[in-house]
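The following note sets out points for a colleague who is about to examine this model. It is arranged as numbered paragraphs, to be read beside the structure.

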Amino acid sequence: MNVVLPAPDEPLRMVAVHAHPDDESSKGAGSTARYAREGVEVTVITCTGGERGDILNPKLLGDTEIAARLPEVRREEMAKAQAILGVQHEWLGFEDSGLPSGDPLPPLPEGSFATIDVLEAARPLVEAVRRLRPHVMTTYDENGGYPHPDHIQVHRISMAAFELAADPEFAPELGEPWAIAKLYYINAFHRQRFAAIARHLREEGQPNEELEDMLLHFDERTDRLLTTRVDVRDYLQVRDDALRAHATQVDPDGPFFRIAHDADTRAWGTDDYELRISRIGVELPETDLFAGLRPARPEQPHHEEGGWLDLVRTEGHEAPSRDVGEQARTGRSADGEVR
């Protein structure tokens, strides 16, 4: 399998695969905004329209006009967020599955995204990958980042598309094969980051009670392997503005926005990722999703309190093995096969 490395004068390209409109602004938004401003061709791919999402902004609850045209509103919000981030955007066109509740859980709506066969659901993503020819893909881990059925389906179709897009025997009608060099899981929410920020706020004499309470119920064993930290200190406001553009989805005065940028900058200041598959040789840890695809950046991210995670267990799953780590560093598995 041949990985085509970018020529020196060729723009780098990445795709960020997300489940619903607003996910792109709450998970990895700082780094996509940064890369877009550095000249990377960044495309956000949203799998569903978020039609079954709730209205989470208390100021908009009971607005009958918004409720009546919610699918259209979600598209308008996505367009605003896209413009703020400075990225390209495509819809895959699947129907939001909703987040079922109850015991037992009710079945998902027939024909919704999470009910579709993975191979079938992966086809439009394969077409997009072959057309856009990204060097990097970001997506969710096998738990979806959190266990929403659409997030888990995003993981499934991303992993399938990563392999199938490079397979010349699969669906030649979807375009010429393309092998993505690197695939990352987004580590948007992990205890180590929140603990570092909480510690910084305590030391400054400004403890955040909501954050402290959250840490009491946050099992550090669910933290993923953290391999790659992208400095986004200059893009925190862009991230917040993009998320606020999804006005029906977020409370503008909610806890997400109550961590001061100064505290985030001093205690952490990065978007975090797990390099899951690499078809090229790299060295871990990284400070750039495109490490190994371009010359090293001159700057290094500054962290007053944050450190690097060791290999950890994830809930219900073993941590990546040393063989996977070797694959990430060299592009080869333990048996020497190029992945």
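Helices and strands are here DSSP runs, helices (H or I) of at least four residues and strands (E) of at least two, numbered from the N terminus.

1. Overall content. The model is a predicted one. Its chain has eleven helices and seven strands. Of the 339 residues in the chain, 52% are buried. Among contacts between residues at least 6 apart in sequence, 81% join residues at least 24 apart.

2. Cis peptide bonds. The bond between Leu284 and Pro285 is cis, with omega about 0°, and Pro285 is placed in the loop between β7 and α11 (322-330). A cis peptide bond also joins Asp103 to Pro104, where omega is about 5°; Pro104 belongs to the loop between β3 and α5.

3. The surroundings of Gly98. The loop between β3 (88-94) and α5 (118-132) also holds Gly98. This glycine is buried, its relative accessible area being 9%. Which residues does Gly98 contact, leaving aside its neighbours within four places in sequence? They are Arg52, Leu108, His148, Pro149 and Asp150. For Asp150, the separation from Gly98 is 52 residues in sequence, while the C-alpha to C-alpha distance is 7.8 Å.

4. Positive phi values. Asp22 is not a glycine, yet has a positive phi of about 115°. It is found in the loop between β1 (13-18) and α1 and is buried, with a relative accessible area of 14%. Ala171, likewise not a glycine, has a positive phi of about 40°. Ala171 sits in the loop between α6 and β5, and its relative accessibility of 10% counts as buried.

5. Helix α2. Is this helix largely enclosed or exposed, and why? Eight of the nine residues of α2 (residues 29-37) are buried, so the helix is largely enclosed by the rest of the structure. The buried residues are Ala29, Gly30, Ser31, Thr32, Ala33, Arg34, Tyr35 and Ala36.

6. Helix α9. In α9 (residues 236-244), the buried residues include Leu236, Val238, Arg239, Asp240, Ala242 and Leu243. Among the elements that cover the buried residues of α9 are α1 (23-26), α2, α4 (70-85), α7 and α10 (261-267).

7. Packing of α5 against α6. The axes of α5 and α6 (residues 149-164) come within 8 Å and cross at roughly 55°. The two helices are therefore oblique to each other, and their crossing is right-handed. On the α5 side the contact is made by Val118, Leu119, Ala121, Ala122, Leu125, Val126 and Arg130; on the α6 side it is made by Gln153, Arg156, Ile157, Ser158, Ala160, Ala161 and Leu164. By class, this contact has ten nonpolar, two polar and two charged residues.

8. Packing of α7 against α8. Helix α7 (residues 191-203) packs with helix α8 (residues 209-216) at an angle of about 140°, their axes lying 10 Å apart. That angle makes α7 oblique to α8. The crossing is left-handed. From α7, Arg191, Phe194, Ala195, Ile197, Ala198, Leu201 and Arg202 meet Leu211, Glu212, Met214 and Leu215 in α8. By class, eight of the residues in this contact are nonpolar, none is polar and three are charged.

9. Aromatic pairs. Counting rings of Phe, Tyr and Trp whose centres lie within 6.5 Å, the total comes to five aromatic pairs. The ring centres of Tyr184 and Tyr273 are 6.0 Å apart with planes at 75°, so this pair is edge-to-face. It links distant parts of the chain, with Tyr184 in β5 (residues 182-186) and Tyr273 in β7 (residues 270-278), 89 residues apart. Tyr184 and Tyr273 are both buried. For Phe194 and Phe218, the ring centres are 6.1 Å apart and the planes stand at 50°, so the pair is tilted. This pair also links distant parts of the chain, from Phe194 in α7 to Phe218 in the loop between α8 and β6 (228-231), 24 residues apart. Phe194 and Phe218 are each buried. Ring pairs join Phe189, Phe194 and Phe218 into a cluster.

Terms used: Residues numbered from 1 in each chain as written. Predicted model: local features only at pLDDT ≥ 70, side-chain atom pairs only at ≥ 80, totals over all residues. Heavy atoms only, no water. Buried < 20%, exposed > 50% of the residue type's maximum accessible area, 1.4 Å probe, protein only. Axes fitted to C-alpha atoms, helices over the stretch in contact; angles between N-to-C directions. Parallel < 35°, antiparallel > 145°, perpendicular 65-115°, else oblique. Left-handed = near helix turned anticlockwise from the far one by under 90°. Contact = heavy atoms within 4.5 Å. Nonpolar A, V, L, I, M, F, W, Y, C, P; charged D, E, K, R; others polar. Phe/Tyr/Trp six-rings, centres within 6.5 Å; stacked < 30°, edge-to-face > 60°.
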